[in-house]
Amino acid sequence: MTVDDAAETEPGRERLRRWRLVLGGGAADGTGHGLSGRDAAMDGALTALYGKGERTPGRDRAAGLGASAPSVARWLGDIRTYFPSSVVQVMQRDAIDRLGLSALLLEPEMLEAVEADVHLVGTLLSLHRAMPETTRETARAVVRKVVEDLERRFATRTRAALTGALDRSARVSRPRHHDIDWNRTIAANLKHYLPEHGTVVPERLVGHGRSSPSMMKEVILCVDQSGSMASSVVYASVFGAVLASMRSIGTRLVVFDTAVADLTDRLDDPVDVMFGTQLGGGTDINRALAYCQSQITRPAETVVVLISDLYEGGIRDEMLKRVAAMKASGVQFVALLALSDEGAPAYDREHAAALAALGAPAFACTPDLFPEVMAAAIEKRPLPVPDIG
């Protein structure tokens, strides 16, 4: 079918319209399809970012968004009018990456115009030390909105998954009378039902240990704050706050680059945690793990979660020795290459293989999977490593 033939049908016209929006117009696009009204406005918003015409050195295509705050603010309003939220977030990210608009995010009116998401929060965290005082409160408000959305998304399911894991891990085979779980005991002994007596004679009692400090689990989140880990820092801060809200879990949050910062005292507010980080810089995983190791008092009841792309700037062999020593002492060690929705990250494959050889497979983890990973670690069962083959 030729272009002219396609234009004769409604599906054909719609297909040409979409191709015209994708290709950006001009004699070479081959559609011959004109745009008007809303479509023309959408095309203008796309052209402003992705451009048309000659290529510019250092960029894929020329673009016409400009660098003034008023024009960018108008453009942000336009894309929110014409595109769904998920597309708006992608276009904002591309504008920051392609056109160098990060500096404009230091202006309060710009922050009020953007669509807030995890990636924008990561950008704000990397810029926050350069922010003027007039912008900081606006930036915190933007970050808090994203944090509250994430907490609504993950908090209930995380608490439910970990509460169940804690209950199961505390189960005892010879419980005291007041600690017997009668529902589970009956279910486990139904084969011993005596119909003539109308009762179950339990062969095995199922119960839970009494709640006490010795039953508490300890979780240490050790988070790489290098620039490439921005989304992971955001998610880890939210999950750290959720874990810290559970009385049966003692939670510690440690962030690192070439230095180590313990942000545990800020866990009641994940926004404070995020603004306590300093994205960028080098990486010394060995130093961070040395600090975490010094905080472990009950190895058998401790889970250490290292969230890092494993590009080590410190002493590699010492890092691996620390992991081996922690595991030998009874610590459950989890290595996450990323805690984000961004897919497979770039990471040091040699270090990941070395950790796997120690029985600590390193894998990327989505926020949706994280509660299940933590539940498995607490119960000391195999981790639900996603199939990345």
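Apart from its neighbours within four places in sequence, T135 is in contact (heavy atoms within 4.5 Å) with L105, L106, E107, P108 and L111. The model is predicted, so local features need pLDDT of at least 70 and side-chain atom pairs count only at pLDDT 80 or more, while totals for chains, interfaces and linings use all residues. Residues are numbered from 1 along each chain as its sequence is written, and side-chain values use heavy atoms, with hydrogens and water left out. T135 belongs to helix α8 (residues 133-169); helices (H or I, at least four residues) and strands (E, at least two) are DSSP runs, numbered from the N terminus. T135 counts as buried because its relative accessibility is 0%; buried means under 20% relative accessible area, exposed over 50%, and partly exposed in between (1.4 Å probe, protein chains only).

Among the buried residues of helix α3 are D39, M42, D43 and L46. Just after α3, G51 takes a positive phi of about 70°.

The largest pocket holds about 470 Å³ of space. On a 1 Å grid over the protein atoms alone, a pocket is an open set of points where a 1.4 Å probe fits, with protein on both sides within 12 Å along at least five of seven lines; lining residues have an atom within 4 Å of a point. Grid points are joined across faces, edges and corners, and the volume is the space filled by probe spheres set on the points. The lining of the largest pocket comprises 28 residues, of which H119, S228, A230, S231 and E342 lie nearest its centre. Two or more lining residues come from each of α5 (85-99), α7 (118-127), α10 (230-244) and β9 (332-339).

Three aromatic pairs were found in a search of the whole structure. Rings of Phe, Tyr and Trp (its six-membered ring) pair if their centres lie within 6.5 Å; planes under 30 degrees apart count as stacked, over 60 as edge-to-face and the rest as tilted. F154 and F239 form a tilted pair, with 5.2 Å centre to centre and 40° between the planes. Because F154 lies in helix α8 and F239 in helix α10, this pair ties together parts that are 85 residues apart in sequence. Both F154 and F239 are buried. F239 also forms a tilted pair with F370, at 4.6 Å centre to centre and 45° between the planes. This pair links F239 in helix α10 to F370 in helix α15 (residues 370-379), 131 residues apart. F370 is buried, with a relative accessible area of 0%. One aromatic cluster is formed by F154, Y235, F239 and F370.
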